[in-house]
Amino acid sequence: MEIACVIDKRLALLATSSRPGRGGGPRPGRADLADPVAAAEATEAMVRALEEIGAAVESEQPSEAFFAVEGLRGLYGGSSDGVLAAAQRAVGEEWRIATGRTRLAAFLAAAEWSRPVSVTALRRRLAVPEREAEELIEALERLGIETLTAFARLSAEQVSDRFGPLGLRARRLCRGEEEPLRPRTPHEEVAEEIELPEGTAGRQLDRALELLVDRLLAVPQRQGRTLLGLRFGALLASGGSWSVEQGLGRPSASPRVLRNVLAPRLEELPGPARTLRLRAVGLGPPARDQLELAVGGGEPRRRRLGAAVREVRAVQGAEALLKILPVDDASRVPERWALLTPYPEL
């Protein structure tokens, strides 16, 4: 199998930069990008661009993606070069693409890793906390095992005795023994963001979150489906960004449920925010299939109301039905007293 790797060129530069290693020699540096939210947004846009040309894409880390080349050759001139050219046009010049017979080989080619490849190349590929990966790499280097080739030559028994399950996983990577790609299921993007006035805090920030949730649930691409998870993020006023993944436990499209799970996250903001962002991480079954207990027999009425809201929006658009959201009635600026927000479906 021929696998293509697409990575951010900045990541490639970080991955191949030099810093002193054991004995004063160079070794590849950390491949971390400074802005996690920007990296996640850019990665999502890149993956969607690849999916538009027909690629089945696996992307489990920011700023990188993998897809199989074989199934696309018939669409692009019958050759791998045609597929890669189409992929490059789709994602843009800020991304670097290369191929290999495994994920690791494709990644090393895309990052233009110098030969022989240092064991530090495993750091990003082991999918474990950085400290665990660093401990394994340092242990290998102390024993004089400094390249992937040298590590691959060790027997499974030797690696198991000295390095345990993580060492065996790393050895399999070095020997090209990887699991098949796990492409994600393509889906419509469901995301919203809101710009915050300077000095937004406290109750105003809670109201901004409520508005953001209402807008997300009113996005036409959701098509009445529930959400499986959320990525909540912010652009900070001081620069940089912040984000966090939030699971829901079970599929939901209830504004109350979403606000309740996200409100505590506001306390984790590292500083004042100028923008809040909310993205759905996976869509579940239609909201009308989700049961929610109600007192006094109100559930049938809620279902009918939700269906009516969806029908109106389908004809008139997402902004057809709005409600007034009080924000800051003590403000001297009238525009801050209240905002219009999409009427909830449930």
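Predicted model: local features only at pLDDT ≥ 70, side-chain atom pairs only at ≥ 80, totals over all residues.

Guide: The account below concerns strand E8 and its pairings.

Residues are numbered from 1 along each chain as its sequence is written, and side-chain values rest on heavy atoms, with hydrogens and water left out.

Strand E8 spans residues 225–236; strands here are DSSP runs of E, at least two residues in length, numbered from the N terminus. Of its 12 residues, 9 are buried, so the strand is largely enclosed by the rest of the structure. Buried denotes under 20% relative accessible area, computed with a 1.4 Å probe on protein chains only.

Two strands are taken to pair if DSSP finds at least two bridges between them. With strand E9 (residues 241–252), E8 pairs in the antiparallel sense over 8 bridges. These two strands form a hairpin with 4 residues between them, and in the turn Gly239 has a positive phi of about 105 degrees. Strand E10 (residues 273–280) also runs antiparallel to E8, joined by 7 bridges.

Phe232 has a place in both of these pairings: its bridge partner in E9 is Val244, while in E10 Leu278 stands opposite Phe232.

A further antiparallel pairing links E8 to strand E11 (residues 283–286) over 2 bridges.

Methods
Buried < 20%, exposed > 50% of the residue type's maximum accessible area, 1.4 Å probe, protein only.
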